[in-house]
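I opened the model to look up its aromatic rings and what surrounds them. My entries follow.

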Amino acid sequence: MPRSNRPRRKRAAGPEDVDLSRALFGYLRQESKRDGLWNVQPVAVTSAVKTYTCPGCGLEVGPGAAHVVAWRADGLMGEADDLAARRHWHSHCWKIK
């Protein structure tokens with residue numbers, strides 16, 4: 001059986017090359033609010049396993065509740081401090097902030 005000596009084409013990036021963690025946990029985006037620029041990442045129902053207190057309303061964000069995590073994108077103390085100060089918000093509370 002004859003072999004082909006032609007070079008093989010490289011595959012284009014397909015669906016299997018997509019970052020799975022981004023698909024499962026949501027995408028990181030930046031939003032501008034009245035008090036500055038914020039990094040916002042949604043948390044899916046399947047990923048919400050702890051209880052947090054929403055800084056918007058003071059109520060609990062319980063396990064199994066879809067919500068968002070937000071932290072400053074323009075903080076003065078640096079990225080490490082901004083990440084340490086991230087908070088879990090109800091999606092509605094974040095929208096009306």
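I checked burial first: tryptophan 38 and tryptophan 94 are both buried (under 20% relative accessible area, 1.4 Å probe, protein chains only). Tryptophan 89 is buried as well.

The model is predicted, so I kept its limits in mind: local features need pLDDT of at least 70, side-chain atom pairs count only at pLDDT 80 or more, and totals for chains, interfaces and linings use all residues. Numbering runs from 1 along each chain as its sequence is written, and side-chain values use heavy atoms, with hydrogens and water left out.

Next I searched the whole structure for aromatic pairs and got two (Phe, Tyr or Trp ring centres within 6.5 Å, taking the six-membered ring of Trp; edge-to-face means planes over 60 degrees apart). Tryptophan 38 and tryptophan 94 pair edge-to-face, 5.5 Å centre to centre, with 75 degrees between the planes. This pair links distant parts of the chain, 56 residues apart: strand 2 (residues 36-43) holds tryptophan 38, and helix 3 (residues 91-95) holds tryptophan 94. Tryptophan 89 and tryptophan 94 are also edge-to-face, at 5.2 Å and 70 degrees.

What sits over the ring of tryptophan 94? I found the charged end of lysine 33, 4.9 Å from the ring centre (the cut-offs are NZ of Lys or CZ of Arg within 6 Å of the centre and within 35 degrees of the ring normal).

Last, I listed contacts (heavy atoms within 4.5 Å). Leaving out residues up to four places away in sequence, tryptophan 94 touches Glu31, Lys33, Trp38, Val40, Val68, Ala70 and Trp89.

Technical notes: Rings of Phe, Tyr and Trp (its six-membered ring) pair if their centres lie within 6.5 Å; planes under 30 degrees apart count as stacked, over 60 as edge-to-face and the rest as tilted. Helices (H or I, at least four residues) and strands (E, at least two) are DSSP runs, numbered from the N terminus. Buried means under 20% relative accessible area, exposed over 50%, partly exposed in between (1.4 Å probe, protein chains only).
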